[in-house]
Amino acid sequence: MRKFVSFISFVTVLSMLAFLPSKDAKASHAAGAELIYVHIADSTYQFFAKFYRDCTGISEPGTFTLCAYNTCTNTQFTATMNKWQGTLPPDNRPNGSSVSAGCSQYSNKCDNLSSSVPGYREWWYMCIVTLPLKCNSYKFAIWENARNNQNNIQPGNLYVETIFNSSQTWENSSPYYSVKPIPYVCLNQPYTYNNGAIDADGDSLWSQLTQPLAGSSCMGTPTPATIITLTPPINFNTNPLQTNNTFVLTGGNGQMSFTATQQGASTLTLKTREFRKINNVVHELGSIMRDIQVQVLPCSSIPPTLDTVSINDSGAFLNNKVYGCVGQTLEFCFTVTSTDTGAILIAEDNLITAIPGATMTYTNSKTDSIRGCFKWTPTTNDVGPHSFLVIIKDSTCKPPGILLQYARTVDLEIWGPVQASPDTSICIGEP
């Protein structure tokens, strides 16, 4: 069980989904979900399903059924996922706790159905599965009826799946999302958001948006959710919810940015793929997906912005990326400022999992302008790209009473040591 214990320590900042309803949905309750696995030993894995229940809907399911299918023998099997008996990271809340909007002076619909702030409860389910053989395509899936009402897709089954290619190795845990999202979005205001995808095995990740699914089987191709007709039309590239085609997702770091133009709830489905080089060949080891329900509300808060970046002579800042060298201490600072002079900004980051050994110091917290200073001495094992997230929270808690959160990815590139080549003689005119 060593890997499972290690995983739990990894997820002290593990993200949960924030799925929040916008309409009155007495019979529908499924707001979001994801499915991940942790390698225990040999071909045995611990699966976690995370389900997010709209507090205006019916009760959460007592169990989930994990459906598993492999294409190598065209075999399907199932396992029962019972409610997790442990507590939920990062603050050890009981399973099924209400997820707060962040402003203690305002209740949400989980606490009081007459509240104007939507709310949901977070439930984890777990089972242990031993896979019978290596295969280049295992599909694992869960589904639940029925989705709550929302703007971009019709109610129906909520379905998420996880893919695993075990043909190269049994030793793999799926990626997971390190940022606990609170996707309350202000109407007609720019917003940045990141799920903070991380892989405990150090595999490379790529994130993309897909159409939400409504399947009820792990065999074959799952049924896409039905899209609601809107103007401009919904597409899962630049307008997955009503943003007037301002939606942008950067696959390499998972950064999303958009300006929402329609009040209410909408679902985004993120798929994160993982890649590993084995014997000098890059293999895709699988993928996970997460349903994220974004709640758009009218609010008066003004989003903070990354104002300035300063870097010392041990590195460089070019095209929004910080460059450093192996063996040299990399230091840089940045300022995040709100145009609202009454803003109360708080900064957090995911360095503990993204870049262990790096440190960040924040000054001027709980003002309208925060300064963060990063410090790290990379080793030869750190050559290549890295990234981490800075999460800025505006805790002024203006009506309707939500804690606004903005995420900004900081990308780094570490150069390897300089290598001298032998002296070479060339003739005039030769390149």
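Here are a few friendly notes on the predicted model shown above.

1. Let's start with the overall build. The protein chain contains 27 strands and 2 helices. Of its 431 residues, 54% count as buried. The accessible surface comes to about 18,300 Å², and carbon and sulfur atoms account for 51% of that area.

2. Next, look at how the chain meets itself. Take the contacts between residues at least 6 apart in sequence: 70% of these join residues at least 24 apart.

3. Now for the charged pairs. The structure holds 12 salt bridges. One of them brings together the side chains of Arg-147 and Asp-291, at 2.8 Å from N to O. Arg-147 sits in the loop between strand E8 and strand E9, while Asp-291 belongs to strand E18, so the partners lie 144 residues apart. Are these two residues buried or exposed? Both Arg-147 and Asp-291 are buried.

4. Strand E18 also supplies Glu-284, whose partner Arg-273 lies in strand E17, 11 residues apart.

5. Lys-321 counts as partly exposed, at 23% relative accessibility.

6. Finally, find Glu-34, Lys-50 and Arg-290 in the model: salt bridges with shared partners connect these residues into one network.

Technical notes. Residues numbered from 1 in each chain as written. Predicted model: local features only at pLDDT ≥ 70, side-chain atom pairs only at ≥ 80, totals over all residues. Heavy atoms only, no water. Helix = DSSP H or I, 4+ residues; strand = E, 2+ residues; numbered from the N terminus. Buried < 20%, exposed > 50% of the residue type's maximum accessible area, 1.4 Å probe, protein only. Contact = heavy atoms within 4.5 Å. Areas by Shrake-Rupley, 256 points an atom, 1.4 Å probe, with all protein chains shown as cover. Salt bridge = Lys/Arg side-chain N within 4 Å of Asp/Glu carboxyl O.
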